[in-house]
Amino acid sequence: MIRIAFYDTKEYDRQSFGQYGALHDIQFRFLETRLNEDTVELAKGCDAVCVFVNDTVNAMVIDRLYAFGIRLIALRCAGYNNVDVKAAFGKIHVVRVPAYSPYAIAEHAIALLLTSVRRIHKAYNRTRDFNFSLNGLTGFDFHGKTVGVIGTGKIGRIFIDICRGFGMNVIAYDRFPAKDAGIDYVTLEQLFEQSDIISLHCPLTDETRHMIRADSIEKMKKGVVIVNTSRGGLIDAEALLDGIKARKIGAACLDVYEEEADIFFEDRSGHIPDDDLLTRLISMPNVIVTSHQAFLTNEALDNIARTTVENILSFYEKDGLCDNELCYHCGHIEECRKERKERCF
Ligand code: NAI
């Protein structure tokens with residue numbers, strides 16, 4: 001029996017993970033709280049922890065988990081900016097779900113974009129109130145517009161394919177451009193200058209943090225629409241708000257927000273909002289916020305649960321080799337042991 005402390009549990013997690021756990025003799029200790037310095041004790045007696053995007057897995061938490069005998073952190077998400085992988089190295093192995101449904105995220109980005117540009121959210125509210133006026137609902141055609149895609153990995157490329165279906169002109173920037181992918185790569189500066197729509201699909205790293213900030217917004221076209229389904233920290237939200245107030249940014253579609261950790265995924269209706277910046281953003285007529293929902297499809301949830309359980313089993317039951325393990329050497333070919341089909345440590 002493998003015992004897993006499962007942090008930040010939601011109802012949909014219980015369903016999808018419960019069924020796979022029962023098949024493989026894995027016992028999940030479903031905890032509603034997030035993992036952080038105060039809640040790490042709850043993992044005592046378990047063999048591993050399973051965490052999501054807003055759990056805090058810093059050096060202190062890692063040391064405590066290690067002291068409890070925990071040797072595996074199983075992320076049930078793709079991004080791992082919330083895990084100090086350097087602190088974990090040599091102590092606790094980290095596995096993740098690198099791809100569960102890139103379609104879910106790319107399609108949500110498109111859904112946000114269409115909703116925003118064609119004012120669907122406004123029309124929905126109006127017609128429910130028997131207001132059939134069209135004033136203020138004018139959008140623009142996607143066809144012929146230039147969309148700039150930052151990050152052309154799994155999600156970015158699907159997003160590009162969908163945009164091409166609309167007849168859009170696609171340009172892209174990636175720190176590591178894909179060879180022979182038929183993508184028209186430009187510099188980041190050119191992308192800012194030429195795009196009518198900008199969609200973010202790169203990871204949050206020290207390099208990409210606040211890549212959308214005052215000086216980058218300055219370079220953009222007036223009326224640009226910004227879509228972020230990646231990580232909130234990619235955008236300096238204060239600068240975004242300034243750009244909106246200056247009428248420079250035409251619309252913003254945000255599935256993520258830098259300070260989302262204590263806000264998103266929970267029902268906060270009836271609470272006085274503490275985050276003034278988010279409150280001001282939400283109050284803007286041209287901003288749509290969804291609460292980190294892009295991954296939420298049946299297919300994605302099933303893939304997340306199945307892959308996480310496979311990751312856990314490969315760690316405990318086979319030779320410990322897991323394709324989805326990651327460490328801070330990942331991406332550095334010469335230092336990466338996984339490239340040589342060995343465990344990270
Ligand atoms: P991926 O790893 O397949 O692609 C990321 C791409 O970004 C790669 O092509 C990489 O070369 C590029 N990149 C890395 N550093 C860059 C930089 N400095 N500038 C520009 N490009 C850079 O990742 P995938 O699966 O496409 O996911 C992208 C992001 O989407 C994840 O990092 C995650 O943060 C976010 N995500 C959001 C979800 C949501 O529910 N809102 C769900 C899943 C992922």
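Two strands count as paired if DSSP finds at least two bridges between them. Helices (H or I, at least four residues) and strands (E, at least two) are DSSP runs, numbered from the N terminus. This is a predicted model, in which local features need pLDDT of at least 70, side-chain atom pairs count only at pLDDT 80 or more, and totals for chains, interfaces and linings use all residues. Residues are numbered from 1 along each chain as its sequence is written, and side-chain values use heavy atoms, with hydrogens and water left out.

Start with β9 (residues 224-228) and β10 (residues 249-254). They pair in the parallel sense over five bridges. Here V224 stands opposite I249 in β10. Both strands belong to an open sheet of six, ordered β7-β6-β8-β9-β10-β11, with parallel pairing. At its edges stand β7 (169-173) and β11 (287-289); each has a single partner strand, so one side of each lacks a neighbour in the sheet.

Axes are lines fitted to C-alpha atoms, for helices over the stretch in contact, where contact means heavy atoms within 4.5 Å. Angles run from 0 to 180 degrees between N-to-C directions. Helix α6 (residues 154-165) lies across β6, β7 and β8, at about 170° to β6.

Now turn to another sheet. It is open, has six strands in the order β2-β1-β3-β4-β5-β12, and its pairing is mixed. Within it, β4 (residues 72-75) and β5 (residues 93-95) pair in the parallel sense over three bridges. L72 has H93 as its bridge partner in β5. Helix α11 (residues 298-317) lies across β1, β2, β3, β4 and β5, at about 160° to β4.
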